[in-house]
Amino acid sequence: MQSLFNDLTAAVGAEHVQTDQEARAAHAVQGVAPGCVVAPGTLDELAAAVRAAHEHGAAVVPWGGGTQQRIGRPPTRADVVVRTGRLSRVLVHEPDDLTISVEAGMTLGALRAHLARHGQMLPLDPPLPERTTVGGLIATAADGPRRLGYGTLRDLLIGITVVEADGRVSRGGGMVVKNVSGFDMMKLYLGSFGTLAVVASANFKLLPAPRATGSLLCRFAAPAQAFAAVEALHLTQLTPTAVEYLSPRALAGLAAGSAEISEEGALGTQTGSGGRPRAASSSVDREVCGLLVRAEGLPQAVARHLADIAAIAWRCGALETEELAGTSEAATWARAADLAQCAELAPHEALVKLAVLPADVERAAARVEELGARHGATAALTARALSGVAYARLSELDSPRLAAILEEIPGLQWVATDLPGTPRWGPAPQGVEVMQRIKQEFDPHNRLNPGRFVEAIERSL
């Protein structure tokens, strides 16, 4: 370790290499603490640090904001954590071309602030944007509620620079929207969980910020009514940018987070049965579920969407609708996105990601609720109702009960938890053998996040 420390110090400077117990504990991944933490500040320093680790046979764990480190299995080794926080610059921004290149350590919050000054946006809304980094988004293929309207990170990424396992710098794509011929190599790194390379920077296509936005929170007495509204909305020509189903516990969590806004009177107008106004502080005296729907675009189009969606909700039996705008709308959607965060989990809690056909979301939600009740756990589920992706927060668990639930849960993709001895990945996807061969080709000595992802999938079957 002393020889490795010397080489890392030569690569990035002594002040950016930490070996003290506090730093190592703060960067432990599911209980696996690294031997040291290194924070390069340039692409050359990043390449030199990874190269030094490779030459010493050390295992490298990339670390952005640390918000997704509970997903999947713990690494079998974590000799060096490579923090990307100092790699946080805007490299190139071409406002007229609607493209930008940023370093991997830039947080989504900082990127949003930069783009807002130019009237532009990168329409990604994962949990904890003030901590989530660009590199972490790519490594975990994180999504958010607006994937319905704008697609996922795959649709927005146009170029990437990475440092491979031996320290070699590799690039894919570029700074124009249509520039790929042959194999689109940069997409390999999406969702690779840091096992193929360390992301150094990324290029994105941007969109103009919408002129207007508006949202509705619709409450229903039963999930069947909420999903009937989803189906009715799907059959129209309306184009909302997000449609989130919130189970009763998820809706309660969203409401709990809005208490301060409600006290300040900033929530939008609520209407009860028959369209009569309802006070913002009112509550429904029963356990209800909800739909949170967002529209963006020209003011007239947003107004049309809100009116038509409200009418659909009433026809399907809504108890009340609440129109959101301004700061209350932004805060509500931030809380909705954070319902899928796994940076902070209680000792007896797990976050589970599901992926099913959009037509099967209702059955999947009901199944999660039923499994939780059968095994004495509580379940809060939020779902991209027209995209088929859902996140279930299961609480009041122990390892045997979580394992029993995971055996029957539909569409399981991954599990984030601190409970020991439980599966962390769903059934092996089609093409897992190809994924394993790619891992062997890119990282033949298994030095990048070893045991975290592809090698762990088969062990979770």
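The exercises below, each with a worked solution, concern a predicted model.

Residues are numbered from 1 along each chain as its sequence is written, and side-chain values use heavy atoms, with hydrogens and water left out. Local features need pLDDT of at least 70 and side-chain atom pairs count only at pLDDT 80 or more, while totals for chains, interfaces and linings use all residues.

**Exercise 1. Classify the aromatic pair of Tyr391 and Trp414, and locate both residues**.

Step 1. Rings of Phe, Tyr and Trp (its six-membered ring) pair if their centres lie within 6.5 Å; planes under 30 degrees apart count as stacked, over 60 as edge-to-face and the rest as tilted. The structure holds six such aromatic pairs.

Step 2. For Tyr391 and Trp414 the centres are 6.1 Å apart and the planes lie at 55°, a tilted pair.

Step 3. Tyr391 belongs to strand β20 (residues 389-395) and Trp414 to strand β21 (residues 412-417); the pair, 23 residues apart, links distant parts of the chain. Helices (H or I, at least four residues) and strands (E, at least two) are DSSP runs, numbered from the N terminus.

Step 4. Buried means under 20% relative accessible area, exposed over 50%, and partly exposed in between (1.4 Å probe, protein chains only). Tyr391 has a relative accessible area of 6%, so this residue is buried. Trp414 also counts as buried, because its relative accessibility is 7%.

**Exercise 2. Describe the pair of Trp425 and Phe453 and the cluster that holds these rings**.

Step 1. The ring centres of Trp425 and Phe453 are 4.9 Å apart and the planes are at 50°, so this pair is tilted.

Step 2. Trp425 lies in the loop between β21 and α15 (432-442), and Phe453 in the loop between α15 and α16 (454-457), 28 residues apart.

Step 3. Both Trp425 and Phe453 are buried.

**Exercise 3. Describe the lining of the largest pocket**.

Step 1. On a 1 Å grid over the protein atoms alone, a pocket is an open set of points where a 1.4 Å probe fits, with protein on both sides within 12 Å along at least five of seven lines; lining residues have an atom within 4 Å of a point.

Step 2. The largest pocket has 31 lining residues, and Ala141, Leu190, Gly191, Gln413 and Phe453 lie nearest its centre.

Step 3. Two or more lining residues come from each of α7 (153-156), β21, α15 and α16.

**Exercise 4. Identify the element that gives the most to the lining of the second largest pocket**.

Step 1. This pocket is lined by 27 residues, with Arg112, Asp125, Arg146, Arg294 and Ala330 nearest its centre.

Step 2. At least two lining residues each are supplied by α4 (108-116), β7 (120-121), β16 (289-297) and α12 (326-338).

**Exercise 5. State how many disulfides the structure holds, and examine Cys218 and Cys289**.

Step 1. A disulfide is a pair of cysteine sulfur atoms within 2.5 Å. The structure holds zero disulfides.

Step 2. For Cys218, the nearest cysteine sulfur is that of Cys316, 9.8 Å away. Cys218 counts as buried, because its relative accessibility is 1%.

Step 3. For Cys289, the nearest cysteine sulfur is that of Cys218, 11 Å away. Cys289 is buried as well, with a relative accessible area of 1%.
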